[in-house]
Amino acid sequence: MTEARLPELVRDVAFACDAPLPEVLEDASAAFQGNDQDQIYFVGLIGGKDVGKSTLVNSLAGEAIATPSGHGEGTRQVLAYVHQTQSEHVSKMLSAIIPGKFSIHAHSVDSLRQQVLLDLPDIDSVFVDHVQTTRKMLRHMLFPIWVQSIEKYADQRPAELLRQVAAGNDPQNFIFVLSKGDLVVRREGPAALQELSQDHARRLTALLALDAPPRVFVTGEHESLLPDLEQLRSLVARDRDRDLIRQS
């Protein structure tokens, strides 16, 4: 075994045993030093194929930095959307966690200089290591975002996958998004979205044994969905001070 692979092995064993990392590795957490002494952190988008993770990346960035993969094989590795000034540091970090299972996509969006958006592998794929990769990344995310489409939010398979994935992080830390809300708006009007989001929140509360129903953001192309998108963007795309990130 090479010396470079040793930290990865230690992390895997600690994760499997639910044990803390040795102090020498504790810096490899949700926040780490960036190029300009910035504190940068991971925002991970988790979900299955065709739920709109790439579209949400672009919505959060305010411009097209990701190419939707709805047609074809979907997302098979971790796609890291990182500010160009932080690419080298993020690449080194991911090489220690998931060597060979990521690609860096540099951008110049200044509002996302501190945040790294991760489009994680489709967890409903036939590749069994996708869930394992996502769970491995969870302890490094300040914001794990579970993305589910309006069309399939009540399906049992995505719910079971969420239960498996959430075992790698406190479910209270998750942010929940229902995508493609415009499909409902066009068919039933904006008022129908509130009932759907409340029903989804009730299901999530029972599934993950949450203390209270979570806030569910509904996104899509219709103008009535812009307030939810703006609130979500404000939540994940604002700079955080060093102490807050370390506490999280």
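Helices H2 (53-61) and H8 (residues 226-236) pack at an angle of about 75 degrees, and their axes lie 9 Å apart. Here axes are lines fitted to C-alpha atoms, for helices over the stretch in contact, and angles run from 0 to 180 degrees between N-to-C directions. The two helices are therefore roughly perpendicular to each other, a label for angles of 65 to 115 degrees. On the H2 side the contact (heavy atoms within 4.5 Å) is made by Leu56, Ser59 and Leu60, and on the H8 side by Leu229, Leu232, Arg233 and Val236. Helices (H or I, at least four residues) and strands (E, at least two) are DSSP runs, numbered from the N terminus.

This is a predicted model, in which local features need pLDDT of at least 70 and side-chain atom pairs count only at pLDDT 80 or more, while totals for chains, interfaces and linings use all residues. Residues are numbered from 1 along each chain as its sequence is written, and side-chain values use heavy atoms, with hydrogens and water left out.

The buried residues of H8 are Asp228, Leu229, Leu232 and Val236. Buried means under 20% relative accessible area (1.4 Å probe, protein chains only). These four cover an arc of only 100 degrees around the axis, which puts them on the same side of H8; the arc is that of the directions from the helix axis to the C-beta atoms. They pack against H2 and also against strands E2, E5, E6, E7 and E8.

One of these strands, E6 (141-149), is mostly covered, with nine of its nine residues buried. E6 runs parallel to E2, joined by five bridges, and Gly44 stands opposite Pro144 in E6. E6 also pairs with E7 in the parallel sense, over five bridges; there Ser149 is opposite Ser179 in E7. Two strands pair if DSSP finds at least two bridges between them.

The largest nonpolar core has 43 residues, and those with the most contacts inside it are Phe42, Ile46, Met137, Phe174 and Phe176. Such a core is a set of buried Ala, Val, Leu, Ile, Met, Phe, Trp, Tyr and Cys residues joined through side-chain atoms within 4.5 Å. Helix H7 (residues 191-208) gives the most to this core, with seven residues. A second, separate core of 24 residues includes Val43, Val57, Leu60 and Phe217.

Aspartate 182 lies in helix H6 (residues 182-188) and is buried, with a relative accessible area of 7%. Leaving aside residues up to four places away in sequence, Asp182 touches Thr219, Gly220, Glu221, His222 and Leu225.

Definitions and conventions. Buried < 20%, exposed > 50% of the residue type's maximum accessible area, 1.4 Å probe, protein only. Parallel < 35°, antiparallel > 145°, perpendicular 65-115°, else oblique.
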